Amino acid sequence: MTTPSDSSATPVNAGPAGPVLRAVVLLRTTPPGVGAVLDLLLPDLSPQIRDLPLNRLTVTVNDVAVTFEVAAGPLVARELDYAVRQSPLRDLVQAAVAQHEGFLVLSADSGEDIFRASELLANVAATYAKDDNGLAVWLPDADHVTTDVMYVGEVAQRSAQTWFHTMAARMDETSSIAHTIGVHHLGGGDVQLRTSSLDPAGAHRELRGAVATLLEARTFPTPGTVVTIAGAPHVLTPASSVLGMGDVLEAVPTTSPPAPPEAGADKPKRRGWFGRR
């Protein structure tokens with residue numbers, strides 16, 4: 001069921017029942033109004049709503065209140081510039097951002113079910129990203145911007161991974177770090193992984209997949225949660241962010257259970273450590 005609501009309702013940056021989810025789609029051209037935008041997603045919307053001369057409107061989509069806001073002109077924000085500089089697709093993203101002449105801000109109050117709301121809003125954003133007018137998608141609360149093609153593909157593959165960003169880098173000659181950004185905004189804890197057994201690409205892949213698996217199970221990273229990294233169990237332990245992001249959870253390798261004693265042995269075998277050399 002789809003119904004319009006008062007466009008002056010809850011602001012996009014605050015929510016009474018849970019975090020507000022936001023996605024910004026950068027557009028080649030500016031639509032004439034929010035009615036034209038809704039027509040792409042909801043073609044059966046009444047003509048009265050379609051023709052309203054509004055730039056902002058909140059509509060209930062599958063029981064989730066989604067706010068659509070259209071703006072003309074290039075989007076200017078230091079946070080967007082930062083996300084572009086940090087993107088592993090920087091050259092492609094820079095080109096997309098340089099082309100946009102308008103943008104669409106999508107937001108949803110997560111209410112009592114953030115997992116349902118985040119999946120719905122991810123698919124709504126993908127609808128506009130894959131349209132001919134879409135260029136890129138910026139997720140302000142994850143410090144992440146990506147191309148339209150990449151975003152649509154990742155939503156189709158695993159929509160949970162689109163709601164947080166994962167950065168990875170080499171710490172020194174023998175170790176790597178991966179760190180999520182945006183999970184804290186959802187309601188869980190951001191996670192960092194320091195490892196000497198994975199290169200940055202591997203650390204990025206493993207940490208991103210582990211956190212996405214938790215979200216797909218409708219749970220958040222919390223202290224004591226066990227995740228699998230490169231086939232080995234790791235326990236999420238309170239720590240300080242190496243990137244200066246305050247309190248986070250660190251994925252720490254756990255010990256394996258003691259092996260059964262061999263026949264005639266006086267002592268059990270020593271425990272081994274996963275993920276350590």
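Predicted model: local features only at pLDDT ≥ 70, side-chain atom pairs only at ≥ 80, totals over all residues.

Colleague: Noted. By those classes, what is in the lining of the largest cavity?

Modeller: It has 7 nonpolar, 2 polar and 2 charged residues.

Colleague: Which residues line the largest cavity?

Modeller: Val 20, Leu 21, Arg 22, Leu 139, Pro 140, Asp 141, Ala 142, Trp 163, Gly 182, His 185 and Leu 186.

Colleague: Which element gives the most to that lining?

Modeller: Strand E2, with 3 residues. E2 covers 20–27, and helix H7 (183–186) is also there with at least two residues.

Colleague: What volume does the largest cavity have?

Modeller: About 60 Å³.

Colleague: What is the second largest cavity lined by?

Modeller: Leu 139, His 144, Thr 146, Tyr 151, Glu 154, Gln 161, Thr 162, Phe 164 and Arg 208. Strand E7 (144–147) and helix H6 (148–158) each give two or more of the lining residues. By class, the lining of the second largest cavity splits into 3 nonpolar, 4 polar and 2 charged.

Colleague: Back to Arg 22 and Asp 141. What do they form with each other?

Modeller: A salt bridge, with the closest N and O atoms 2.9 Å apart. Arg 22 sits in strand E2 and Asp 141 in the loop between strand E6 (134–139) and E7, so to say 119 residues apart and in distant parts of the chain.

Colleague: How many salt bridges does a search of the whole structure find?

Modeller: It finds 8. One of them joins the side chains of Arg 158 and Glu 216, at 2.7 Å from N to O. Arg 158 lies in helix H6 and Glu 216 in helix H8 (residues 200–216), so this pair ties together parts 58 residues apart in sequence. Arg 158 is partly exposed at 22% relative accessible area. Glu 216 is partly exposed as well, at 43%.

Colleague: Why does Glu 250 count as buried, and Arg 194 as partly exposed?

Modeller: Buried means under 20% relative accessible area, and exposed means over 50%. Glu 250 is at 10%, so Glu 250 counts as buried. Arg 194 is at 41%, so Arg 194 counts as partly exposed.

Colleague: New topic: the nonpolar core. Which residues touch the most other members of the largest one?

Modeller: Leu 38, Phe 68, Leu 104, Leu 106 and Tyr 128, out of 59 residues in that core. Helix H5 (residues 114–129) supplies the largest share, 11 residues. Another core of 16 residues lies apart from it, with Ala 77, Ala 83, Ala 96 and Leu 135 among them.

Colleague: Leaving aside its neighbours within four places, what is Leu 38 in contact with?

Modeller: Pro 43, Leu 45, Ile 49, Leu 57, Val 59, Phe 68 and Tyr 128.

Colleague: And Val 124, where is that found?

Modeller: In helix H5. Val 124 is buried, with a relative accessible area of 4%. Beyond its neighbours within four places in sequence, Val 124 is in contact with Leu 41, Phe 68 and Leu 106. Val 124 and Leu 41 are 83 residues apart in sequence, with 7.6 Å between their C-alpha atoms.

Colleague: Last one. Where is Ser 110 found?

Modeller: In the loop between strand E5 (102–109) and H5. At 5% relative accessibility, Ser 110 counts as buried. With neighbours within four places left aside, Ser 110 is in contact with Gly 18, Pro 19 and Ala 117.

Terms used
Residues numbered from 1 in each chain as written. Heavy atoms only, no water. 1 Å grid on protein atoms, 1.4 Å probe; cavity = no way out; pocket = protein on both sides within 12 Å on 5 of 7 lines; lining within 4 Å. Points joined across faces, edges and corners; volume = space filled by probe spheres on them. Helix = DSSP H or I, 4+ residues; strand = E, 2+ residues; numbered from the N terminus. Nonpolar A, V, L, I, M, F, W, Y, C, P; charged D, E, K, R; others polar. Core = buried A, V, L, I, M, F, W, Y, C linked by side-chain atoms within 4.5 Å. Buried < 20%, exposed > 50% of the residue type's maximum accessible area, 1.4 Å probe, protein only. Contact = heavy atoms within 4.5 Å. Salt bridge = Lys/Arg side-chain N within 4 Å of Asp/Glu carboxyl O.
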